[in-house]
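Student: I'd like a close look at one part of this model, a pair of helices. Please take it slowly and then show me what else is going on.

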Amino acid sequence: MKRLLTLFLLAVVVVRGAEPVDVLVQGAEKLEVQEIIAALKSPVKVTIGPFSFWTGRIGSHSVAVSLTGQALINCTVATILGIEEFSPKMIVNQGTSGAQAPYLALHDIIVGRRSLDYGNFITSIRRLGEGSAPLEWRSLPQRLRDPVTGKFVEFPEGFAGDASALAIALRTRNPMGRVFAGTIGSAHEVNLELDRVRWSANTFGMAVEEMESGHVAAVAHAYGIRYIAFRVVSDAPYDGVPFYPLAARATGLFTVSFLENLPALPANP
Amino acid sequence: MKFRCLILFVCLLRLLHAEPVEILLVATEAELQPLRSKLSAPRTETHAAWTFWTGTLAGKTVALSRADGDPLNAVAATTLAIRHFAPKLVVTFGASRAHDPALHSGDLVVSEKFAAFDGMVSPVTPIGGGSNPLQWQILPHALMTAGEQEKYTVSFPADAHALAVASGLSIPHGRIVVGVLGSAYQINREADRIAWIRQQWGTSCEDTESAHIAGCAQLLGVPVTGLRVIDGADGTAASIVLEFLEAWK
């Protein structure tokens, strides 16, 4: 009887996933998670398919650090797996980005007042030889179904960052640059044409562009999980600063400080 | 007593984890509706914003999942469906718009492979220099692989057996063509850009989710196939999928 009960409990753990965590912290690349993994107390590595997670504690929180890989396909799959496995109360997506606002410099950090997918569009009709006019393309908003009504809801402004996490992040020190609240835009794009950079900054209010946070924000919203994104400027096309991957260290250290400043999280409703 | 405990154990496990299915079918609500009405022993379950229907179609156990017309919903739903229903094959199907000028309305494009053509890098261009998509470089998706290595992949493979089965179907109108299913959350209507996408990515046609579903399936190690009807009306691809299920062994 006792052995069967033990077997059953083990099976439940296997089927239902690992122990829940307070915070799922994500980075797309190894450089973006290495400072956070290094700060984990009693780290344990968990692998699900091709995705790696490291669990442990930072400050008063149990944390799962997730190496998502870049762009929509990787980060959406990794986020769903991370949520299903670890049932987090909050998701922090952080890493590098390209400046879209001219005032931003290398190592500045944008805390996501909101995050959105800006890479979706419908073009006008043009015949062969009439070229392509990207500044005339009309944007398509991310949609999600309301789980109660089943109807689509459009999110043209993207998804708001968690207000209390935003406030704590704005009081957290960036050891290498400044900290601003702003809008983070995601698409599988690297935009270096300044006219298009200016267009997307004006159209969506974007401070920085990168490839994941708007997608993760949508998934977090669908699950009703608190969400915040941090993006360090790693390239600044207005200043001619090319991609500097080691800038990821700033947002990693910033995220560790944020987690240490973050009060205990209440249980999910 | 032990036997009763074992029964309890099995029942609780079934409550915690759904039954595996043979095939996962992913499409728009309009394309799924005719299949949903034919499901035997249907069950419905919802996870966050995504709903799934399971049952039997043409003698095969299936799960139906809504792609909802964009890569994020499609990838999220496919990931959840693979995790909960452990299918042996993923089928993405529906309508598409031709990139290959030789394709006509009603032609069925069967996936030889998939290309998620939404990635780009533009050249450094100063203010006033404009934006010219025909000069952009492509940026392939870099799927995560074991050992924490990302692998840049211009196209994702399609299942060869499913291709053989689909190639032998008979369809009411048009031809069956083997090709590259392209997807992005874009509706491209500029002929020069369509020609550029086809030149860069080798796409036969475009829709808003198929290649992203294929990338997700590849990440999670499940074979995938795609069936796309050029300019297909709602329900056209669903009837072809029913034929495919009959033929699938």
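At roughly what angle do the axes of helix α2 (residues 29-36) of chain B and helix α7 (residues 236-247) of chain B cross, and within how many Å do they come?

Tutor: Happy to. A bit of housekeeping before we start: this is a predicted model, where local features need pLDDT of at least 70, side-chain atom pairs count only at pLDDT 80 or more, and totals for chains, interfaces and linings use all residues. Residues are numbered from 1 along each chain as its sequence is written, while chains are lettered from A and ligands numbered from 1 in the order in which they are written.

Now your pair. The axes of α2(B) and α7(B) cross at roughly 45 degrees and come within 8 Å. That angle makes α2(B) oblique to α7(B) (under 35 degrees is roughly parallel, over 145 roughly antiparallel, 65 to 115 roughly perpendicular, and the rest oblique). An axis here is a line fitted to C-alpha atoms, for helices over the stretch in contact, and angles run from 0 to 180 degrees between N-to-C directions. Helices (H or I, at least four residues) and strands (E, at least two) are DSSP runs, numbered from the N terminus.

The crossing of α2(B) past α7(B) is right-handed, meaning the near helix is turned clockwise from the far one; left-handed would be anticlockwise by less than a right angle. Who touches whom? B:Glu31, B:Pro34 and B:Leu35 come from α2(B), and B:Ala237, B:Ala238 and B:Val241 from α7(B). Contact means that C-beta atoms, placed from the backbone, lie within 7 Å. Sorted by class, this contact has 5 nonpolar residues, no polar ones and 1 charged one. (Ala, Val, Leu, Ile, Met, Phe, Trp, Tyr, Cys and Pro count as nonpolar, Asp, Glu, Lys and Arg as charged, and the others, Gly among them, as polar.)

Residues making the contact include A:Leu31, A:Ile36 and A:Ala39 of α2(A), and A:Leu253 and A:Val256 of α7(A). By class, the contact of α2(A) with α7(A) has 6 nonpolar, 4 polar and 3 charged residues.

Strands β2 (residues 40-47) and β3 (residues 50-57) of chain B pair antiparallel over 6 bridges; strands count as paired if DSSP finds at least two bridges between them. B:Thr46 has B:Thr51 of β3(B) as its bridge partner. The hairpin of β2(B) and β3(B) has 2 residues between the strands, and B:Ala48 there has a positive phi near 55 degrees. β3(B) then runs antiparallel to β4 (residues 60-66) of chain B, joined by 6 bridges, with B:Thr54 bridged to B:Ala63 in β4(B). These two form a hairpin too, with 2 residues between them, and B:Ala58 in its turn has a positive phi of about 50 degrees.

How do the chains meet? 60 residues of chain A are in contact with 61 of chain B. On chain A's side, α3(A) gives the largest share, 9 residues. That side divides into 31 nonpolar, 17 polar and 12 charged residues.

β13(A) pairs with β7 (residues 120-121) of chain B in the parallel sense over 2 bridges, and A:Val190 has B:Val121 as its bridge partner. There's also an open sheet of 3 strands, in the order β8(A)-β7(A)-β13(B), with mixed pairing. β8 (138-139) of chain A and β13 (186-187) of chain B stand at the edges with a single partner strand each, so one side of each has no neighbour in the sheet. Inside that sheet, β7(A) and β8(A) run antiparallel over 2 bridges, and A:Phe121 stands opposite A:Ser139.

The model as a whole scores ipTM 0.94 and pTM 0.94.

Conventions
Contact = placed C-beta atoms within 7 Å.
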